[in-house]
Amino acid sequence: MKKMFEVSFLLGIEIIFGALVLFPFYMANEAAVPLTEYFVLVFPAGMAFIILLIRFREKGKVLFFF
C-alpha cells in the first residue's frame, strides 16, 4: 500500500509538472492556458493508472503504457 501511495504521489507531481510545461507556450501567445481541459484529460488517466496498479501490481505499469 505504501508503494502504491508513492507511485500515485509521483504521478501527481508529473501531472503538475506537465501543466507547468504548458505555461510558457501559452504565455508567449498571450492566450489563456487550458488547465481545465488538461486536468479533465489527465485525471481519468491517472485514476486508470492507479486502478491498474491495484489490480495487476507491477504489470499495471506495462498495461497502462499500452
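1. Phe 39 first. Its relative accessible area is 37%, so Phe 39 is partly exposed. The scale is as follows: buried is under 20% relative accessible area, exposed is over 50%, and partly exposed lies in between (1.4 Å probe, protein chains only). This is a predicted model, in which local features need pLDDT of at least 70 and side-chain atom pairs count only at pLDDT 80 or more, while totals for chains, interfaces and linings use all residues. Residues are numbered from 1 along each chain as its sequence is written, and side-chain values use heavy atoms, with hydrogens and water left out.

2. Aromatic pairs. The whole structure holds 2 of them. Rings of Phe, Tyr and Trp (its six-membered ring) pair if their centres lie within 6.5 Å; planes under 30 degrees apart are stacked, over 60 edge-to-face, the rest tilted. Tyr 38 and Phe 39 form an edge-to-face pair, because their planes stand at 70 degrees, with ring centres 5.2 Å apart. Phe 65 and Phe 66 are also edge-to-face, with centres 6.0 Å apart and planes at 65 degrees.

3. Accessibility of the other partners. Tyr 38 is buried, at 17% relative accessibility. Phe 65 is exposed at 70%. Phe 66 is exposed at 78%.

4. The core. Which residues make up the largest nonpolar core? There are 8: Val 7, Leu 11, Ile 15, Ala 19, Tyr 38, Val 42, Phe 49 and Leu 53. A nonpolar core here is a set of buried Ala, Val, Leu, Ile, Met, Phe, Trp, Tyr and Cys residues joined through side-chain atoms within 4.5 Å. Helices are DSSP runs (H or I, at least four residues), numbered from the N terminus.

5. Around Tyr 38. Neighbours within four places in sequence are set aside. Tyr 38 is then in contact (heavy atoms within 4.5 Å) with Glu 14, Ile 15, Gly 18, Ala 19 and Leu 22.

6. Phe 23. This residue is in helix H1. Phe 23 is partly exposed, with a relative accessible area of 27%. Leaving aside neighbours within four places in sequence, Phe 23 is in contact with Val 33 and Leu 35. Phe 23 and Ala 45 are 22 residues apart in sequence and 21 Å apart in space, C-alpha to C-alpha.

Methods
Helices (H or I, at least four residues) and strands (E, at least two) are DSSP runs, numbered from the N terminus.
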